Structure formats: C-alpha cells, structure tokens
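Please open the structure in your viewer and keep the selection tool at hand. The tour below goes from one selection to the next and says what is there at each stop.

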Amino acid sequence: MTVVHVLTGPDRGESYKLEKDNINVGRSPDNDIQLNDILVSRRHLRIGRKKKKYFVQDLKSTNGTFVAGEQIRSGIEFEVEEGVPIAIGVSVLCIGEKCSERVLAFLDTFGRSEEIGERDTAFEKEKRMRPERNIELFYNVSNVLMKSRNVDEISEKMLGYLFDLLKRIDRGAIILVDNETGNIERVIPRMREQSDATFMMYSRTVVDRVIREGKALLMPDTHLEDEADRSVSMELMKVRSVLCVPLISRSKIRGVVYLDSVKIPFGFRNEDLSLIKALSIPAAVAIEQALLHSSEEEGEIE
C-alpha cells in the first residue's frame, strides 16, 4: 500500500497509508492527514490516486503548495511522481517508497561537491556536506519559522544557520521590500568578520535586478560577467561571487536573501542556489506572517 511520508516540519518522521483514492491534508483534525504546522491551512491539500498515477491539488490555501520547489496553481490537479518533494508551510511531504532515496538526493544536491578541476579549489578546504547536515538545516530553520513571530529573529537565525553551513559566505542579508512600491524598507545584515564598511552590505544592482525580475541570480565569478551586469558598488565591495534569491509569498515578492563572497571566486554553485531557493519558500511565508502579526499588535496598541 502506498504511503505518504512527512520529511520535515513539526510532524517529521510520520507516515500515513493512502487507503483511499482521495485524502485531504491540513491543520484541521477532520483531515485524513493532520499536520501541526501553523503555516498550513485548515484544508490545504488533496492527494489523489488514479490507477497508478498520483495527483495533488491545492485547496485554495493561504500560503500555497510547492512541488519540487515550484508553486502549483490552486484548484487544479497536478500530477506528481513518487518521491517528489511536496512543500506546504514548513513541512515537506512525499508519496511512495522512493521518498527516502529521492528526497535525500534532493537535499544532498544542496551540499555535495564534485571534482570539476582547478576552479573548484575553493571547495576543497570545506568538508563535503552530508545529507544529514542539510536535513538538520531544514529542521532548524523550520523550528525558527514555526515558533517565532519576530522578523528580525527569523532573519538573523536563518542567516546564522546558512553561515554555519556555507563557510564561503562573507556577507549576507535578508532584505524586505514594500508590497506596494517594491522599495527596500528593511535590511537585516550579517557579516562573518566585523568591518567599518557596514553602509555597504549588499550590491544594490543585484538586489534591484532580483526584485524586478522575480528570479534568483547566481554569479559564480563576477570578474567573468559582462560589464553591464556589474556595478561600481560591486567593485568597491570587492564582490567575487554573489547569490541572491527572491522571497515570494502568494505570488508577491516580499524581499530577497542576499549572500556574497569577497575572498574567492566560485564561492557559490548551483547546489547552493538550490538550497537557498528551497529555504526561501517557507521563509517568505513566515516573514509575511510575522509582519502581519506585528501590524496587528501595532493596531491594538493604537
């Protein structure tokens, strides 16, 4: 019998038999699978089975459903293969016996380094990360996102975990934007080494581009980029490698995660980009909820 596994989140490690052709997943106890994830809607997701194929349907949830990192349209059935990660809130589910193999591989790609020649020397000094470290990162970040209603705390702890995992990061920031204007309204920075140049914490050119296009950006070596894609600030900040990912919730850009490396080129690779993109999904939802909570508290005080 097919089993639905919970890989991350408060119900991590639980498994449920797919005993009917259609089951509902959500926070309410009247669902076939109840998740204790406050970022999951009361009725969030339907998992269906037709012959030997599986389908998921978002039930107009507040924070959306993501299959293999991409948000699916609400109200429309979406076919999924066994073992493909399904993210709702800070919980990751998957269907079938291939879960452990494929999802561990999915998490493992975030950290494994392969021998690709001389330009990979920056990674030889760093220990190869095991899948367990990536799962631990997801677990730690999930706990923060679940428990905190403070934007600064969420941002600072998330950056702290990333700095611990990716030793090549020299500077990082969670940058939030105004929903209406798209203007930057809040920056939560972190530096590996203290510096007097705190006024230059990130490349505005990179951040503006990611906000404008709504797509992640990876520059493994800025010296190899076209001059049009570089800026004076990147030269002044001595940025050699940069990674920037949008924080998107309910199809709106809430901000970005910005990371750079100044000491070495090829400080970031596609595996790191995949990791940050995966984490950005629940992070955007949690930050939005925290901002909403803060606004409600301010309204009560007034």
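Begin by selecting R209 and E213, which both lie in helix α5 (residues 204-213), four residues apart, or about one turn of the helix; helices here are DSSP runs of H or I of at least four residues, strands are runs of E of at least two, and both are numbered from the N terminus. This is a predicted model, in which local features need pLDDT of at least 70 and side-chain atom pairs count only at pLDDT 80 or more, while totals for chains, interfaces and linings use all residues. Residues are numbered from 1 along each chain as its sequence is written, and side-chain values use heavy atoms, with hydrogens and water left out.

R209 and E213 form a salt bridge, with their closest N and O atoms 3.7 Å apart; the term stands for a side-chain nitrogen of Lys or Arg within 4 Å of a carboxyl oxygen of Asp or Glu. R209 is partly exposed at a relative accessible area of 25%, and E213 is also partly exposed, at 43%, where buried means under 20%, exposed over 50% and partly exposed in between (1.4 Å probe, protein chains only).

Next, select D152 and R186, whose side chains meet in a salt bridge at 3.2 Å, N to O. Because D152 lies in helix α4 (residues 151-165) and R186 in strand β13 (residues 184-191), this pair ties together parts that are 34 residues apart in sequence.

Then move to K20 and D32, a salt bridge in which the closest N and O atoms are 2.9 Å apart. K20 sits in the loop between β2 (15-17) and β3 (22-26), whereas D32 sits in the loop between β3 and β4 (33-34), so that the pair links distant parts of the chain, twelve residues apart. By the rule given above, the count comes to ten salt bridges.

For the last stop, select F66, G69, E70, I248 and I281, which lie nearest the centre of the largest pocket among its 14 lining residues. On a 1 Å grid over the protein atoms alone, a pocket is an open set of points where a 1.4 Å probe fits, with protein on both sides within 12 Å along at least five of seven lines, and lining residues have an atom within 4 Å of a point. The elements that give two or more residues to this lining are β8 (70-71), β15 (241-249) and α7 (270-301).
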